[in-house]
Amino acid sequence: MSENYILLRDRKVKTASSSIRSVYSRSAEIEISKGELLVRKGDLLCVIGNESVTFEFCTESDSIAPLHSVLYNLLKAIPIAMGRFRVYVTDGWMDWGPGVKKGDEVYICVMKGGEECCSTAVVRYIETITRGHPGTVFGVEITDSRYYGCGTSNGTFNKVRYFTCPDNNGLFLTLASVAKKPE
């Protein structure tokens, strides 16, 4: 049984955590947004990144879905719950995302002249990056010559080299910012 889950519906829960209970009540009711990542700890689910928010685990719930470790790490890199939810429910994203390999061509969005443009890129790195940035990210190199120089990196992030490409031709992106290139 998976220990990691994603919340599929906004949910009001009575927390089991004493750290946010009111002085006047035995439990506090809070709202948790769909897309939040959860981890099972015994009979409780904890919201990732806010372990003080816990609530009772229910296996029959249709408001949570189990995640294997690869999917969990891909979603964990997306910082906003609604972004994680969008990726999870969009057809195909969870199917092809775990299969992306170094050397694969993908579509990305880049800014050029204040406008967002679609470009091709090649995946050069797939893994976690420095502390403080949880989850799996994609290091990509822009391959469309019209958008050379629209990146933010040369394969280095926070003074650590993850791959090599020309200056301002690389980007570090989450699964939410990468799309499969049709074959």
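Is Phe-172 buried, partly exposed or exposed, and what is its relative accessibility? That was my opening question today. I looked it up and got 17% relative accessibility, so Phe-172 counts as buried, because buried means under 20%. One caution before I go on: this is a predicted model.

**Entry 1: the aromatic rings**

I searched the whole structure for aromatic pairs and got 4. Tyr-125 and Tyr-162 make one of them, a tilted pair with 5.0 Å from centre to centre and 55° between the planes. Tyr-125 sits in strand E9, while Tyr-162 sits in the loop between strand E12 (160–161) and E13, so this pair ties together parts that are 37 residues apart in sequence. I checked burial too: Tyr-125 and Tyr-162 are both buried.

Then came Phe-157 and Phe-172, an edge-to-face pair at 5.6 Å centre to centre, with 65° between the planes. Phe-157 is in strand E11 (residues 156–157) and Phe-172 is in strand E13, so here the parts tied together are 15 residues apart in sequence. I also noted that one aromatic cluster is formed by Tyr-125, Phe-157, Tyr-162, Phe-163 and Phe-172.

**Entry 2: the sheet**

In which order do the 5 strands of the open sheet come? I read off E13-E10-E9-E8-E14, with antiparallel pairing. E13 and E14 are the edge strands, as each of them pairs on one side only. From one strand to the next, the twist averages 40°.

I went through some of the pairings. E10 and E13 are antiparallel, with 4 bridges. In that pairing, Gly-139 has Phe-172 in E13 as its bridge partner, so I was back at my opening residue. On the other pairing I checked, E9 and E10 run antiparallel over 6 bridges. Ala-121 stands opposite Ile-142 in E10, and Val-122 stands opposite Glu-141 in E10.

How many of the 6 residues of E10 are buried? I counted 6 of 6, and E10 goes down in my notes as mostly covered.

**Entry 3: the nonpolar cores**

Next I looked at the largest nonpolar core, which has 30 residues. The members that touch the most other members are Leu-75, Val-87, Ile-108, Val-110, Phe-138, Val-140 and Leu-175. Among the elements giving two or more residues to this core are strand E7 (64–67), helix H3 (93–96), strand E8 (105–112) and strand E10 (137–142). H1 gives the most, with 4 residues.

I picked Leu-75 and listed its contacts, leaving aside neighbours within four places in sequence: Ile-6, Leu-37, Leu-67, Arg-84, Val-87, Tyr-88 and Met-94. There is also a second, separate core of 9 residues, and Tyr-5, Leu-45, Val-47 and Ile-64 are included in it.

I found Thr-174 in the loop between strand E13 (170–173) and strand E14 (178–180). Buried or exposed? Thr-174 is buried, with a relative accessible area of 15%. Apart from neighbours within four places in sequence, Thr-174 contacts Ala-77, Ile-78 and Phe-138.

Met-111 lies in strand E8, and its 48% relative accessibility makes it partly exposed. Not counting residues up to four places away in sequence, Met-111 touches Glu-116 and Cys-150. I also took one distance: the C-alpha atoms of Met-111 and Gly-151 are separated by 8.5 Å, though these residues are 40 apart along the chain.

**Entry 4: the cysteines**

How many disulfides does the structure hold? I found 0. Cys-109 is in no disulfide, and its nearest cysteine sulfur, that of Cys-118, is 5.5 Å away.

Terms used:
Residues are numbered from 1 along each chain as its sequence is written. This is a predicted model: local features need pLDDT of at least 70, side-chain atom pairs count only at pLDDT 80 or more; totals for chains, interfaces and linings use all residues. Side-chain values use heavy atoms; hydrogens and water are left out. Buried means under 20% relative accessible area, exposed over 50%, partly exposed in between (1.4 Å probe, protein chains only). Contact means heavy atoms within 4.5 Å. A nonpolar core is a set of buried Ala, Val, Leu, Ile, Met, Phe, Trp, Tyr and Cys residues joined through side-chain atoms within 4.5 Å. Two strands pair if DSSP finds at least two bridges between them. Axes are lines fitted to C-alpha atoms, for helices over the stretch in contact, and angles run from 0 to 180 degrees between N-to-C directions. Rings of Phe, Tyr and Trp (its six-membered ring) pair if their centres lie within 6.5 Å; planes under 30 degrees apart count as stacked, over 60 as edge-to-face and the rest as tilted. A disulfide is a pair of cysteine sulfur atoms within 2.5 Å.
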